Amino acid sequence: MNRPRILLSVSAMDEAFAALYSALQQRAEVEIADLEHYSLRGTDIFIGKKMPEDKLAEADKLKAVFAYKTGVDDFPLRVFKERGILLINSHVNSRTIAQYAFGLAIALVSRIAEFDRKMRRGDWNNDNPFWKSLFNMKVGLAGYGHIGRELHRLLLANGIETYTIDRGKKYESIKRVHSLEELCKETELLFLSMPRTKETDKLFDRELLRLLKNKYIVNVGRSNCIDEEALYEALTAGGMAGAAIDTWREKPKTATSPLIPFDYPFQMLDNILLSSHKAMQLCDGHARYVEDICEQVLRYIDGQPLENIVDCSRGY
């Protein structure tokens, strides 16, 4: 490819973006813009974390978009598909996200946060002092993409019996079922690592959550897959044992803005762990995303095969 024009969209420059800029400007004309105020006219490659559909009105040369993150639901996928624009994301942090999910699961079934809160008040909780072991459970993976496969490795290494839905992928050392309903019935704890699509919207509704009586879920995927009202009912009146939720429908506008991102008083419940989208906030996670995308952009410029091309029809 001749020297292309790249638009790098960032909220603020940092060391990771500076290194990306330095690497790419040797091979391309690179323009830096913020997250909102830019034009795609004359741009061959866009690198960013989101893009409103109206930005494509001036995109006369755009051929490829690179997201320095995993989720792509804030890109205009339908238009990308219609215009044949490539979208590439990064899964470089899947292993560490799986580690965080595994940690949430252990803390949830061991009731660690609950015991900590009570001990700070001098409450030894002797009326109900017992916790469960993840090692003795049957565990399901609702989502067998990059994060799901990394979770499977962790579960397998610890001898934990694991199930997933058979979707025709390559499976080793894992039991398969034919439906999400069957997965809920067969297992005692579910890890959710699903993308945001129309098909996953409120997938875990009242009917499905009824199958999780005395069971647990851990969600490090997208927030839309769980009906919030149904989850609250399941945790309070439906007999569901517990949940650990890392993703919610919105985030605060600034890093210091307080925000309760739900309509029901989950914070009053002992059987839920509330996490503020921390699975992807690894100390060097951002730098790893940016470095990975830099490598992919250079491969694209050189005409080499790419990893993680998003299927814009499916949304992941």
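Seven strands line up in an open sheet, in the order 8-7-6-9-10-11-12, and the pairing is parallel. Here, two strands count as paired if DSSP finds at least two bridges between them. Helices (H or I, at least four residues) and strands (E, at least two) are DSSP runs, numbered from the N terminus. At the edges sit strand 8 (175-177) and strand 12, each of which pairs on one side only. Neighbouring strands of this sheet are turned by 20° against each other on average, direction ignored. For such angles, axes are lines fitted to C-alpha atoms, for helices over the stretch in contact, and the angles run from 0 to 180 degrees between N-to-C directions.

A word on the model: it is predicted, so local features need pLDDT of at least 70 and side-chain atom pairs count only at pLDDT 80 or more, while totals for chains, interfaces and linings use all residues. Residues are numbered from 1 along each chain as its sequence is written, and side-chain values use heavy atoms, with hydrogens and water left out.

Strand 6 (residues 138-142) is a handy place to look at this sheet. Four of its five residues are buried, where buried means under 20% relative accessible area, exposed over 50%, and partly exposed in between (1.4 Å probe, protein chains only). Four bridges tie strand 6 to strand 7 (residues 161-165), running parallel, and another pairing, also parallel and over four bridges, links strand 6 with strand 9 (residues 189-192). Gly140 shows up in both pairings: its bridge partner in strand 7 is Tyr163, and in strand 9 Gly140 stands opposite Leu190. Strand 9 is in turn joined to strand 10 by four bridges, again parallel, with Leu192 opposite Asn219. Helix 5 packs on the sheet, touching strand 6, strand 7 and strand 9, and its direction makes about 165° with that of strand 6; touching, or contact, means heavy atoms within 4.5 Å. Together, strand 6, helix 5 (residues 146-157) and strand 7 make a right-handed β-α-β unit. Right-handed means that, with the strands pointing away from the viewer, the path from the first strand over the helix to the second runs clockwise.

The other sheet is open too, with five parallel strands in the order 2-1-3-4-5. Strand 2 (29-33) and strand 5 (86-88) stand at its edges with a single partner strand each, so one side of each is left without a neighbour in the sheet. Three bridges join strand 1 (residues 5-9) to strand 3 (residues 45-48), and Ile6 stands opposite Ile45 in that pairing. Helix 9 (residues 285-301) packs on this sheet, where it touches strand 1, strand 3, strand 4 (64-67) and strand 5.

Helix 8 (residues 228-236) has several buried residues, among them Leu231 and Tyr232. Their cover includes helix 7 (206-209), strand 10 (216-219), strand 11 (242-245) and strand 12 (272-274). Ala230 lies in helix 8 and is buried, with a relative accessible area of 3%. Leaving out residues up to four places away in sequence, Ala230 touches Asp205, Arg206 and Leu209.

As for disulfides (pairs of cysteine sulfur atoms within 2.5 Å), a search of the whole structure finds zero. For Cys225, the nearest cysteine sulfur, that of Cys184, is 11 Å away. Cys225 counts as buried at 0% relative accessibility, whereas Cys283 counts as exposed at 87%.
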